[in-house]
Amino acid sequence: MASSLFFYFLAVVTTVGAIAVVAFPSPLYSVLALILTFLGLAGLYLSLHAQFVAIVQVIIYASAIMMLFLFVVMLINLGREEKRELQLPGQKLLGAIAGLAVFSVLLKIFLSTSLMTGKKGSFPPERVDELGNTQVIGNLLLTDYVLPFQAMGVLLFVGIVGAVVLARRRSR
Amino acid sequence: MDIVYPTIHWGYLLPVILPVCGAVLVLMWDAFLARGERSVIIIISLLTLAAALGVTLGARALPGLAASFGGMYLFDGFTQFLYVVILFASIFAVLIAAAQRELDDTPAGEYFGLILFATSGMMLMAATRNLLMIFVGLEVFSLSLYVLAGYLRARPEGNEASLKYFLLGSFASGFLLYGMALVYGATGSVDLIEIATRLHENPASRGAAFLMGLGFMVVGLGFKVAAAPFYMWTPDVYEGAPTAVTAFMSVGPKAAAFAAFFRVFLSAGDAGGSFDAVLWVMAVLTMSLANLIAIWQTCVKRMLAYSSIAHAGYLMVALVASRSSAELATSGFLYYMLVYVFMNMGAFCVLILISNMREDGSTKLDNLAGLASFRPGLAAAMAVFMVSLSGLPPTGGFVAKFHVFSAALNGGYVWLTVIAVLNSVVAVYYYLRLVVVMYMREPQGGEVRRAPHPGWSYAAAALTLAVASTLQLGIFPSSVLDFAHRSTVFFN
């Protein structure tokens with residue numbers, strides 16, 4: 001009972017944060033709302049016995065990355081979102097209808113089907129608790145998932161090179 | 001706890017590792033070069049790509065199930081053939097970038113480094129049966145291409161292209177990822193073979209969640225291959241990006257994303273049955289819209305952008321046909337993809353040489369008027385590519401279309417074939433119009449007679465290779481067709 005209360009609380013925090021990111025007219029508030037969402041997600045990971053992921057979520061996403069976001073928003077001094085002219089007549093209405101349609105289909109799916117009808121994975125929570133969270137993740141990253149792990153390294157490198165290319169050019 | 005290492009066949013991973021190492025080497029080397037010194041960088045890039053191509057062609061493909069990293073890396077015949085396609089595309093991308101005047105003043109190390117990184121990403125995406133790797137590979141090449149699209153930062157169109165591609169591309173990646181999450185939720189696995197078995201064993205997993213996931217994945221992959229109705233970004237991005245990047249973007253991502261498309265839908269089997277109609281409609285829309293709009297274009301670069309959408313439509317026909325005649329359609333797709341590399345890259349190469357001749361670097365159709373009278377070789381090469389793109393004999397384009405369409409007929413998609421053939425007829429108009437303009441109209445003047453670009457020998461090599469291969473694939477297709485047929489067995 002307590003754990004499901006915990007879940008609902010975190011789910012509400014996460015969802016409200018996510019909606020606020022889109023709804024706030026000022027980018028600064030959006031970033032702050034995004035931090036709230038990430039904290040909510042960290043709590044959800046915690047309730048799934050994934051302590052390591054939760055801590056990483058807080059340290060990397062909610063702190064480091066969002067700090068950079070804040071820096072950038074403040075540095076380039078983004079004001080409030082400008083009112084732009086809409087491309088199509090009734091664009092907002094159409095968007096709302098399309099969004100609601102997708103939402104209702106997804107809602108129906110989640111209410112009607114039980115997800116994970118296949119067999120359970122090889123690391124259910126009990127086994128993870130027994131082995132230790134960090135150990136399992138470290139082991140998996142360097143054995144089963146070593147290829148995506150390395151490919152993500154390439155991805156990060158591409159990101160760095162790309163950022164340098166886009167930022168540097170003017171001075172040359 | 002005991003540590004179990006996965007099986008790794010390092011030799012088969014070499015074609016992916018080489019471009020990554022080449023990219024790092026190029027980036028480091030560039031730091032020690034004088035400004036404007038590019039030839040070392042270009043040669044290193046070409047050598048790494050050629051080495052990767054050599055390793056790929058020399059390797060014997062493993063049977064479908066003998067995979068490295070528990071299925072995350074798969075070097076089967078399908079992979080091998082697509083590696084050849086992707087590596088040829090990047091070799092061309094390097095060659096023609098070396099000859100593009102607009103890119104002369106831009107930093108070379110990052111440019112060719114990003115091309116090589118993008119190559120490895122495409123290869124990873126094509127060589128896996130794991131949804132996770134499909135996504136990682138896709139992001140590696142997408143991120144490189146977002147930057148490359150805006151490489152000429154002085155041009156506002158370039159910035160527009162880069163931003164548009166980045167925003168819409170990230171949105172599409174989100175759809176793809178959400179789709180993968182739903183498929184994982186429904187089946188409990190991200191491995192396509194595992195997914196196929198669970199769908200087979202447990203009918204409950206074929207429910208709405210799985211179908212919705214598959215639908216989102218169609219959106220994400222459809223964006224990457226520029227299929228209707230997700231093609232809106234294509235003309236602007238292709239027009240705004242540097243021409244050498246446009247050429248690469250119109251071929252490489254298609255090969256990688258279609259590979260994922262084929263693998264996903266072939267493993268979904270009957271469970272993906274409700275998508276037959278969706279893919280059918282997408283194929284028809286893509287072909288017809290692109291061809292109809294292409295007729296009205298007066299800018300050759302934009303026309304080639306719509307042409308590349310139309311070709312995505314023909315490839316969609318192969319995808320639809322693969323639902324009922326898997327082997328024929330898959331080999332048709334592979335052959336088409338290879339021919340497409342040569343004819344499309346060749347056409348873009350000619351376009352670059354033509355825009356080099358002008359001060360403003362424009363690519364209007366009128367600029368090609370009378371090309372045959374003052375650049376007969378260039379005009380003849382362009383004519384070969386146009387004939388091939390429109391699918392007339394004796395070029396590779398004809399053989400490729402023939403195989404894809406006969407696979408569709410064989411699969412019982414009569415109407416789809418009829419529409420595809422009609423579309424090819426429409427396309428003949430705008431491809432051959434270009435030939436008519438080159439041969440029948442008087443030159444307009446306005447070309448600046450400049451000294452040949454220092455990279456002209458690269459362009460000459462690219463053109464020779466492209467013309468020879470386009471004709472060879474059209475006149476003596478049998479050995480490559482055999483290779484394509486042998487490459488179709490992947491899993492099941």
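Helices here are DSSP runs (H or I, at least four residues) numbered from the N terminus. This is a predicted model in which local features need pLDDT of at least 70 and side-chain atom pairs count only at pLDDT 80 or more, while totals for chains, interfaces and linings use all residues. Residues are numbered from 1 along each chain as its sequence is written, and chains are lettered from A in the order in which they are written.

The table sets out two helix pairs, with angles running from 0 to 180 degrees between N-to-C directions and axes fitted as lines to C-alpha atoms over the stretch in contact.

| Helix pair | Angle | Axes |
|---|---|---|
| Helix 12 (275-294) and helix 13 (300-321) of chain B | about 155° | 8 Å apart |
| Helix 3 (77-98) and helix 4 (108-126) of chain B | roughly 165° | within 10 Å |

Helix 12 of chain B and helix 13 of chain B are therefore roughly antiparallel (angles over 145 degrees).
The crossing of helix 3 of chain B and helix 4 of chain B is right-handed.

Between the chains, 29 residues of chain A are in contact (C-beta atoms, placed from the backbone, within 7 Å) with 41 residues of chain B. Helix 7 of chain A gives the most to the side of chain A that touches chain B, with 13 residues.

Conventions
Contact = placed C-beta atoms within 7 Å. Helix = DSSP H or I, 4+ residues; strand = E, 2+ residues; numbered from the N terminus. Left-handed = near helix turned anticlockwise from the far one by under 90°. Parallel < 35°, antiparallel > 145°, perpendicular 65-115°, else oblique.
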